[in-house]
Amino acid sequence: MKIIYTDVLVIGGGLAGLRVATGVKARGHDVTVLSLVPPKRSHSAAAQGGMQASLANSAMGAGDNEDIHFADTIKGSDWGADQIVARMFVNTAPKAIRELAAWGVPWSRVQRGDHQAIINTKKVTIHERDDAHGLINARDFGGTKKWRTCFTSDGTGHSMLYAMDNKAHEQKIDVQERMEALALIHDISSKNEHRCYGAVVRNLMTGELLAYVAKATTIATGGYGRIFSVSTNAIICEGIGQAIALETGVATLGNMEAIQFHPTAIVPVGILATEGCRGDGGVLRDVDGYRFMPDYEPEKKDLASRDVVSRRMTEHIRKGKGVASRYGDHLWLDITLLGRDHIEKNLREVNDICHNFLGIDPAKDWIPVRPTQHYSMGGIRTKYTGESSTLKGLYSCGEAACWDLHGFNRLGGNSVSETVVAGMLVAEYIADFCDAVHSTVDINSDVVEHFIKCEQGKLDTLLTYENGEDAYELREAMETIMMEKVGIFRNGKDLEIAVKELQKLLKRSKQISVKRSKSKAANPALENAYRTQKMIKIALTAAYGALLRTESRGAHSREDYPERNDKEWLKRTIMQWSKVEEDLPQVSYEKIDINSMELPPGFRGYGKDMTISHPTSAIRQQAVDQAREKNSIIGDRFSLQEMLMPYKHLLPAKYRTKNERLDEGFSNE
Amino acid sequence: MSNSQIASKAPKQARQLHFHILRFDPHLKGDKPRIETFIIEESPGMTLFIALNDIRRNHDASLKFDFVCRAGICGSCAMVINGKPGLACHTLTATLDTDISLAPLPVFELIGDLSVYTGNWMRGLNERLEAWIHQQEEHDFNRLEEPMEPDLADEIYELDRCIECGCCIAGCGTIQMREEFVGAVGLNKIARYQIDPRDKRSDADYYELIGDEDGVFSCMTLLGCEDVCPKNLPLQSRIAYLRRKMLQIGLTSVQDNCLCVSTPT
């Protein structure tokens, strides 16, 4: 049996995983990255519209800073986010984008002088100042007070991922392609705590099983969108990373019910048309060609937060205003008003996708769109360091994790930003851990061999079991349940059915036979079989979490409980599957403390205020107001922040410095 | 606009598509290359992504192919479609005849059926050409970023759009004769870094990388690369530009060498 030793094992070669790898390597640790596909093909490449960082270079971003980015993110999360994590994030995002600029991302730059833009369907002239010329530009995105989303046309994720992977090549980082982690190796350590020691890994080309043993193991495998039949996600976003964490019985998953639906995926294939379409001035229209969003959201209109727009679109379709098609009702995304030049320069991918998949010209024709599963806010629950709350030595970051930057709704442009920022920070915490004496690997090789044998046994069973269940059938059933019963609007009755049906599928998934393809090497049918077993568990955590959460918060919207209930539900759903034989995970809740919040819970500003407030919110708000008043006499925004919620001591020292802006000079303290 | 917009893409009566697929699993002892034919019914808006998954689901579960984004963004699914390299995911069956032949990309190591190992090839190329920004000093990321002319940033992005799908390599005549040729994907990378002011390498440095018979002077200008590039990269003009630049460097160094020889010391 092949056992490979390394300091840090990174599972997943997208932006988050690669940034962790470059970070720990720079600190002198050995690292191996495992990736299902060549890293440059990871789903990070599909991020189109941009990356949020409060640079404040462009005229429409003037005055932007960490405070405003922080407030937008917390409001966007419907107060579900961890405010300490959000603070760490907004302070590091400008550094991340500047680092990427130095590594080669050709960010779109500010052009001095006047330029035209479309705002609220009107042509307006915007003037860019001289000293901003050549600095990184930004566009408008949903749910943000400033134009903060930096971009390279609508291929932002692609450019970022290429720069990052090229950096990994420069650093000679070991990347093993077409490798899939099937199980985490874990045990009770000599210090009597649960410890992760690496993973059992399958070579997808040869079928060989091997073990990677490491001091620290990082899961950066992205989201679990593919538990739904239609998703904007790449087909490799199957939640396997979350599943192998869950299957340890020790690591926990957080807020698995928090799933985002993007307003504008094209119909029927579910490919994304970036939020940049609306950020740049595009609008949504109904069957009559009528622009309906201002009626629902007079202030933010088409650029309300994603969860809000997706719900309003669904409501509008339910009123009979959708456009009927053989694939069900849809609405229109109109970007014709932006003009051909703008579309061919700043919305190139959307332009290509419209031509290739729909046979339409978006400079002339409207694009058929519908809200579609897009992002997983939930994931492996971690501390602010990225380490699992319950399994030492296991780390996670990016979409795979519930760090928890996004709470119950992520802002557009905050996902690629999170991948890189979390990668930067978590790399430092991992390197600290690996530097410490207590991180020494203290596991016997027979334990490792036991884990390999166990996985080999499962694969053999799948291949030899006769007349069992068809994995394709189970998977389709699961996808349909999630689509129909755990979607944009949810209710107790449907969710109860969903959980029951998924429990049945879970039982059946234990008797899968791999049919018509018996190879032990590259074998798509075998891969589908073991992934389906894992995906059904993930689907169950999402559906069960949604059933239990009897309130509406962010993207989790219950028709039978339309209020956001801070009194009872200002807490994170935590799931653990410690008893393998049970058909549901164990659930607990982690309270979110109002008394330590910099931004106490309030009204998000969409529709009617339906919040059931927590009594502590008003008390904390009062304290915050008083501090603000006191600070206004002698302090600045930094001293106020420090007074309300100190966090800088938690950041790695190299990332504590303030960020320079055109109107905010540099001071190194 | 009308709601029949998408529906109208469907042919009136569903066609029967005959897929002739080159099958071979090098990991399977005794397996031999062969063409297998699968017949499926066309559905509206069907892409090769949908068709191949249909074949795998309903006909042969062992059929190997690669898709990731299925949106024409990631470059995983390049294959030879009716004799021409292209991305399978954004190829609509409606644009093809009822007989469709599919084969894996040539040049790259075969994993099985339509799946090839482009990753190691591209990484090897990247390392050979040192396809990353070469900087002299680290930028302090707490400070304002270095400004860049907006038009130049756009120009770099234009070349940065390559998705390493391998179509240009599969469509290249030169590489059939010269295994070590860097191909359009390699030359495009150099063209991209050559105009990027953040990369401090000089033209002479680039000459070291591509100024030989496996580099820019090997290209026979057949331009199959430009014809098949799914991202419509300006490969023809970039290769011509690089050749001119590299020729200048080459001639200068030849002159320098001549001077060295003829000047008495």
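Reader: Leaving aside neighbours within four places in sequence, what is A:R553 in contact with?
Author: A:D78, A:W79, A:F408, A:R564, A:N565, A:D566, A:W569 and A:L570. Contact means heavy atoms within 4.5 Å.

Reader: What are the ground rules here?
Author: This is a predicted model, where local features need pLDDT of at least 70, side-chain atom pairs count only at pLDDT 80 or more, and totals for chains, interfaces and linings use all residues. Residues are numbered from 1 along each chain as its sequence is written, chains are lettered from A and ligands numbered from 1 in the order in which they are written, and side-chain values use heavy atoms, with hydrogens and water left out.

Reader: Back to A:R553. Is A:R553 buried or exposed?
Author: Buried, at a relative accessible area of 1%. Buried means under 20%, exposed over 50%, and partly exposed in between, with a 1.4 Å probe and protein chains only.

Reader: Where does A:R553 lie?
Author: In the loop between α15 (524-548) and β20 (557-558) of chain A. Helices (H or I, at least four residues) and strands (E, at least two) are DSSP runs, numbered from the N terminus.

Reader: Which side chain does A:R553 join in a polar contact?
Author: That of A:D566, at 2.9 Å. A polar contact is a pair of N or O atoms within 3.5 Å; within protein, one must be able to donate a hydrogen and the other to accept it, and residues adjacent in sequence count only if both atoms are side-chain atoms.

Reader: You mentioned α15. How do the axes of α14 and α15 of chain A cross?
Author: At roughly 160 degrees, coming within 9 Å; α14 covers residues 492-509. Axes are lines fitted to C-alpha atoms, for helices over the stretch in contact, and angles run from 0 to 180 degrees between N-to-C directions. So α14(A) is roughly antiparallel to α15(A), a label for angles over 145 degrees.

Reader: Which residues make that contact?
Author: On α14(A), they include A:L495, A:V499, A:L502 and A:L506. On α15(A), A:I536, A:L540 and A:Y544 are among them.

Reader: What about A:K493, buried or exposed?
Author: A:K493 is exposed, with a relative accessible area of 65%. Its place is in helix α14 of chain A. The C-alpha atoms of A:K493 and A:L547 are separated by 8.8 Å, though the two are 54 residues apart along the chain.

Reader: New topic. How many residues has the largest nonpolar core?
Author: 106 residues. A:L100, A:W107 and A:M160 are among those with the most contacts inside it. A nonpolar core is a set of buried Ala, Val, Leu, Ile, Met, Phe, Trp, Tyr and Cys residues joined through side-chain atoms within 4.5 Å.

Reader: What does A:W107 touch, not counting residues up to four places away in sequence?
Author: Its contacts include A:M51, A:L100, A:F151, A:M160 and, from chain B, B:A153.

Reader: On to chain B. How many helices and strands?
Author: Nine helices and seven strands. Of its 265 residues, 53% count as buried. The C-alpha atoms fill a box of roughly 80 × 50 × 35 Å along the principal axes.

Reader: Where is B:H90 found?
Author: In the loop between β4 (84-87) and β5 (99-103) of chain B. B:H90 is buried, with a relative accessible area of 17%.

Reader: Which side chain does B:H90 make a polar contact with?
Author: The side chain of A:N356, at 3.2 Å. B:H90 also touches A:F357, B:G72 and B:P230.

Key: Angles under 35 degrees count as roughly parallel, over 145 as roughly antiparallel, 65 to 115 as roughly perpendicular and the rest as oblique.
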